[in-house]
Amino acid sequence: MSHIIHRSLAGTPPVAAAAQGIWITDANGKRYLDACGGAAVSCLGHGHPDVLAALHAQIDKLAYAHTGFFTSDAAEGLAKHLAAHAPGDLTHCYFVSGGSEAIETALKLARQYFVELGEPERTTFIARRQSYHGNTLGALAVGGNEWRRRQFAPLLMDVVRVSACNEYRDRAADESQEQYTARLLNELEQAILDAGPQTIIGFVAETVVGATSGAIPPTPGYLAGVRRLCDKYGILYIADEVMCGMGRTGTLYAFEQDGVVPDIVAMAKGLGGGYQPIGAVIASDKVLAPLRTGSGLFQHGHTYICHPTAAAAALAVQQVIQRDNLLVQVQERGAQLAALLREALGDNPFVGDIRGRGLFMGVELVRDRETKTPFDPALKLHVAIKRHCLARGLMVYPMGGTLDGRQGDHVLLAPPFIISPQQTEQVVTHLTAAIREETEKAAG
Ligand code: PLP
């Protein structure tokens, strides 16, 4: 019997015994092609020799030193690398242990920015429905996934909630993309005005929505509109790039494709590629300035911030991405993946939408394509697809639809950037078979 509180209390998952490249092998010797990087984490695949070498060298030299006493070459080197490659004046880094901590850090940094400016009445965040920002209480509060929030709702701070940018679900038949985008931006502006702009700290959004919705990119102009409104009302724009960032969409940051620069960015997952637990916030000069001239202290901190071993691993991951030109690889394999998915599943009566950017793709399943009616959540179609794929030796990341029944089961793909053209074909072949068989069974 396992003494771990596993994700599902119903049983113990297989034991992962080894991993190399895009393959994970379990204790029985069964191999799985990791087409989701776990949860969009393993951007370089497993066992990359350069990352392992950097990791070993760092552990031999210095595994840990508390930031109350020291900084380290590893953390300084990672910060320098990130500052050099981020757009605009995003140059100030804070390193934590994962995505939820990065979001908490972003929220507190944003709040302190206004306190230092002498605007303590700013106490509210604006966030979107169908979003996920992590599982700690602050991150859950800004998150809009009702299933994850429902048991904890009484413990969560209030936020102003606005619509997600979900063109497939929400753009009306007689509405152009521009009109839909303008409608969302009007809604956001009205929400700011209703709450009172002087009470708002920041707007928080995933650039490409990941875990709740399956790789939904913003419509053209949406984030530029968000940026304009934030500037107009003096509100900070906080981008959650924990899942979609660090090259996953074909640019280092997904928002680069939207021509915007946020004030604060949270990242994790692909930052360290799973070699070590690490998350980060990168913030602009504007955000840091009042802290410097004010209290001179960011009122935050965890025992493992700036962890040297984690920073060394992340720096090695990021250097390999640059050196091996892997963003081009993401663009090329991403285009292949999108084309193969559309070819194999585009006409499937139970596939409502295929979307995404780069190697971050989602497939949404519906019982009725015309009306976009999802399958009954009680059928747990996403679980059946996951099981089916695992039996075929394929790891994908399926999720159920929303509680209100407005969004269907979906499957997220986020393979390592090193996936080959043949392996990309293999992923689509197995996933297509799993979707065909399981949707037909679910449809009766
Ligand atoms: N933000 C986004 C967009 C995520 O997808 C996740 C995790 O899936 C988080 C935040 C939380 O990250 P973590 O699980 O590392 O705490």
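**Reading the sheet, domains and ligand shell**

Me: Which strands form the open sheet, and in what order?

Reply: Strands of a sheet pair through backbone hydrogen bonds, either parallel or antiparallel. Here four strands form an open sheet in the order β1-β2-β3-β13, with mixed pairing. The edge strands, pairing on one side only, are β1 (16-20) and β13 (394-395). Pairing needs at least two DSSP bridges between two strands. Strands (E, at least two residues) and helices (H or I, at least four) are DSSP runs, numbered from the N terminus. The model is predicted: local features need pLDDT of at least 70, side-chain atom pairs count only at pLDDT 80 or more, and totals for chains, interfaces and linings use all residues. Residues are numbered from 1 along each chain as its sequence is written.

Me: In what sense do β2 and β3 pair?

Reply: Strand β2 (residues 23-26) and strand β3 (residues 31-34) are antiparallel, over three bridges. Ile24 stands opposite Tyr32 in β3.

Me: What are the domains of the protein chain?

Reply: Bounds come from an automatic or database domain assignment. Domain 1 is 16-34 + 325-443; domain 2 is 50-323. The contact takes 28 residues from domain 1 and 23 residues from domain 2. Contact is judged by C-beta atoms, placed from the backbone, within 7 Å. On the domain 1 side, α12 (326-345), β11 (351-357), β12 (360-365) and β15 (410-413) each supply at least two residues.

Me: How many residues surround the ligand?

Reply: A residue counts if its C-beta atom, placed from the backbone, lies within 6 Å. The ligand has 15 around it; the closest are Gly98, Gly99, Ser100, Gly134 and Val242. Helix α4 (residues 99-116) gives the most, with three residues.

Note on methods:
Two residues are in contact if their C-beta atoms, placed from the backbone, lie within 7 Å.
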